Amino acid sequence: MSTFVVPDALEANRGLTPVWATWLDELPRRVADLLEEWELTVDGATMHGFCSVVLPVRTPGGRPAVLKVGIPDPEHENEHLALQHWKGNGTVQLLRADPRRFALLLERLHTEDLRELWDLEACEIVAGLYPRLHLPALPQLRTLSSFLEGWNDDLARLPRNAPVPRRLVEQALSLSRDFERDESTNGRIIHGDLHYYNVLAGDREPWLVIDPKPMSGDPHYEVAPMLWNRWDELDGQVRDGVRRRFHTLVDAAGFDEDRARDWVVVRMVHNAMWAFQDGDPHQWITTCISVAKAVQD
């Protein structure tokens, strides 16, 4: 069996938090144990996301699959439950899971994602996947309204000298407080981070969703990531480009335009807040503000 080596890009995150350091220290042994216990054979080069490693493998019966091992992260703790519930209907198929070790054995998909397509064509594909994902929520999933409570408290404390227009902060806080009290904010399984990179080409179906961060939420919450990703392609036509994507998604999904717009504003201002708190580059904050303004202008 080949020895697993932590990718350099993941190793570079060691200093982010103590959780990262511990996970990286344990990862080689964890991968080795899973390969042995699940009788998997490594079948290709190691891949990774920001906080997970993915190994192409073959099962004892020779089926191509991937072993995904993630960092302990509340956003992904119920990934296996959502994938089990979806049963591969529009999503990657879950073959086996060990939630305690944040380990998933998944159907192997192709590396091609929706970045290969015209952005509006990709928006139509994602909108077509929404209803297959947005099933009645599982009781184990944390609700979007419960997340909003903490996020709104943080937003209310955002310093006035933060590089986010105060008008947008007040607007987002008002909208978000309303969503916090709205019964429709919860109740459906939402992916949480559905965008071009998280839809891969498959054999069973042309396109399949991966990497959910599932919550019990509002389907309208899903729109925003499709607006801020592939940002470089909007150079010189940000307002019109964002609006074209927004209306393509809303129309194809049959969403309520006003509700979807309000969620975009809320998400983008929350993103800007977190970027300010984390000391992220000012360019990302500018992107967040630009998206929030574009859907309203």
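1. Cysteines. A search of the whole structure, which is a predicted model, finds zero disulfides. The sulfur of C123 has its closest cysteine sulfur in C288, at 18 Å, which is too far for a bond. For comparison, a disulfide would require the two sulfur atoms to lie within 2.5 Å. C288 is likewise in no disulfide, the sulfur of C123 being its nearest at 18 Å. C123 counts as buried because its relative accessibility is 0%, and C288 is buried with a relative accessible area of 1%.

2. Aromatic pairs. The structure holds eight aromatic pairs. One of them joins F179 and W263: the ring centres are 3.8 Å apart and the planes meet at 5°, so the pair is stacked. This pair links distant parts of the chain, with F179 in helix α6 and W263 in helix α9, 84 residues apart. Both F179 and W263 are buried.

3. The W228 and W284 pair. Here the ring centres are 5.8 Å apart and the planes lie at 70°, so the arrangement is edge-to-face. Distant parts of the chain are again linked: W228 belongs to helix α7 and W284 to helix α10 (residues 282-294), with 56 residues of separation.

4. W20, W23 and F50 are linked into a cluster by ring pairs. Two arginines are placed over aromatic faces. R142 lies over the face of F147, at 4.0 Å from the ring centre, and R267 lies over the face of Y221, at 3.9 Å from the ring centre.

5. Helix α5. This helix covers residues 144-156, and its 13 residues should span 18 Å at 1.5 Å a residue; the end C-alpha atoms are 18 Å apart, so the model agrees with that expectation. The buried residues of α5 are L144, S145, L148, W151, N152 and L155. An α-helix has 3.6 residues a turn, so residues three or four places apart point the same way.

6. Helix α8. Which residues of α8 are buried? They are G241, V242, R245, F246, T248, L249 and V250. The cover over these buried residues includes α4 (119-133), α7, α9 and α10. After α8 comes G254, which has a positive phi near 70°.

7. Positive phi at E39. E39 is a residue other than glycine, yet its phi is positive, near 55°. E39 is found in the loop between α2 (18-37) and β1 (41-42). With a relative accessible area of 56%, E39 is exposed, since the cut-off for exposure is over 50%.

8. Positive phi at R230. R230 is not a glycine either, and its phi is positive at about 55°. The residue lies in the loop between α7 (225-228) and α8 (238-253). R230 counts as buried, at 9% relative accessibility, whereas E39 is exposed.

9. The β5 and β6 hairpin. Strand β5 (residues 94-98) and strand β6 (residues 103-107) run antiparallel and are joined by four bridges. D98 has A103 of β6 as its bridge partner. How many residues lie between β5 and β6 in the hairpin? There are four residues between the strands, and F102 in the turn has a positive phi of about 50°.

Methods: Residues are numbered from 1 along each chain as its sequence is written. This is a predicted model: local features need pLDDT of at least 70, side-chain atom pairs count only at pLDDT 80 or more; totals for chains, interfaces and linings use all residues. Side-chain values use heavy atoms; hydrogens and water are left out. Two strands pair if DSSP finds at least two bridges between them. Helices (H or I, at least four residues) and strands (E, at least two) are DSSP runs, numbered from the N terminus. Buried means under 20% relative accessible area, exposed over 50%, partly exposed in between (1.4 Å probe, protein chains only). The expected span of a helix is 1.5 Å times one less than its number of residues. Rings of Phe, Tyr and Trp (its six-membered ring) pair if their centres lie within 6.5 Å; planes under 30 degrees apart count as stacked, over 60 as edge-to-face and the rest as tilted. A charge sits over a ring if NZ of Lys or CZ of Arg is within 6 Å of the ring centre and within 35 degrees of the ring normal. Contact means heavy atoms within 4.5 Å.
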